[in-house]
Amino acid sequence: MSISFFPEYADSTITYDVELALRHNNSYQYSNLNLVVDLIDSVKNVNRSNIDFVLSDGYGNWLGSGFGALYQSSIVVAQGVKPSQVNSVVVWQAMKNCDVVKNVIDIGIIVKPSK
């Protein structure tokens, strides 16, 4: 099952960075999350990426920020794009031998002007 996002841009004349944000709880059983991310432009061209979203260090310590049993991390999936280059973002999990990924609480995108 995939999840689709439709970014909203405040200004069509500047470029943006698109991040994928993920929140999981302390019971997430892996150190990473393999994802397939499709960036779809205004004429339906697809730019597909396989993302290895690393969630913990080599010692099992969660990365990102956390409060209580929840942790949030983000990863950049596009940099310096114009709004017409990313009209939608489609994401699905690609973990081997795992049909259902448990203990991922939220997933979303963050769109912000490029620096």
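A residue is called buried when its relative accessible area is under 20%, exposed when it is over 50%, and partly exposed in between, with a 1.4 Å probe and protein chains only. The model is predicted, so local features need pLDDT of at least 70 and side-chain atom pairs count only at pLDDT 80 or more, while totals for chains, interfaces and linings use all residues. Residues are numbered from 1 along each chain as its sequence is written, and side-chain values use heavy atoms, with hydrogens and water left out.

Although Lys44 is not a glycine, its phi is positive, at about 75°. Asn97 is found in the loop between S7 and S8. The phi of Asn97 is near 60°, again a positive value in a residue other than glycine. Because its relative accessible area is 84%, Asn97 is exposed.

| Residue | Strand | Relative accessibility |
|---|---|---|
| Asp38 | S3 | 6% |
| Ser49 | S4 | 24% |
| Ile75 | S6 | 25% |

Asp38 is buried, because its relative accessible area is 6%. Contact means heavy atoms within 4.5 Å. Leaving aside neighbours within four places in sequence, Asp38 is in contact with Val46, Asn47, Arg48, Ser88, Val89, Val90 and Trp92. The C-alpha atoms of Asp38 and Ile109 are separated by 13 Å, and these residues are 71 residues apart along the chain.

Ser49 counts as partly exposed because its relative accessibility is 24%.

Ile75 belongs to strand S6, which covers residues 70–81. A relative accessibility of 25% is why Ile75 counts as partly exposed. With neighbours within four places in sequence left aside, Ile75 is in contact with Val18, Glu19, Leu20, Ile51 and Phe53. Ile75 and Arg23 are 52 residues apart in sequence and 12 Å apart in space, C-alpha to C-alpha.

**The largest nonpolar core**

In soluble globular proteins, nonpolar side chains tend to be buried together. A nonpolar core is a set of buried Ala, Val, Leu, Ile, Met, Phe, Trp, Tyr and Cys residues joined through side-chain atoms within 4.5 Å. The largest such core holds 22 residues, of which Leu33, Leu35, Val37 and Val89 touch the most other members. Strand S2 (16–25), S3, strand S4 (46–54), S6 and S7 each supply at least two residues of this core. Leaving aside neighbours within four places in sequence, Leu33 is in contact with Leu22, Tyr28, Ile51, Asp52, Phe53, Leu55, Met95, Val101 and Val104.

**Aromatic pairs**

Rings of Phe, Tyr and Trp (its six-membered ring) pair if their centres lie within 6.5 Å; planes under 30 degrees apart count as stacked, over 60 as edge-to-face and the rest as tilted. By this rule there are four aromatic pairs. The pair of Tyr28 and Tyr30 is edge-to-face, because the ring centres are 5.6 Å apart and the planes stand at 70°. Tyr28 is buried, with a relative accessible area of 4%, whereas Tyr30 counts as partly exposed at 28% relative accessibility. Trp62 and Tyr71 form a tilted pair, at 6.0 Å centre to centre and 40° between the planes. Both Trp62 and Tyr71 are buried. Tyr28, Tyr30, Trp62 and Tyr71 form one aromatic cluster.

Technical notes:
Helices (H or I, at least four residues) and strands (E, at least two) are DSSP runs, numbered from the N terminus.
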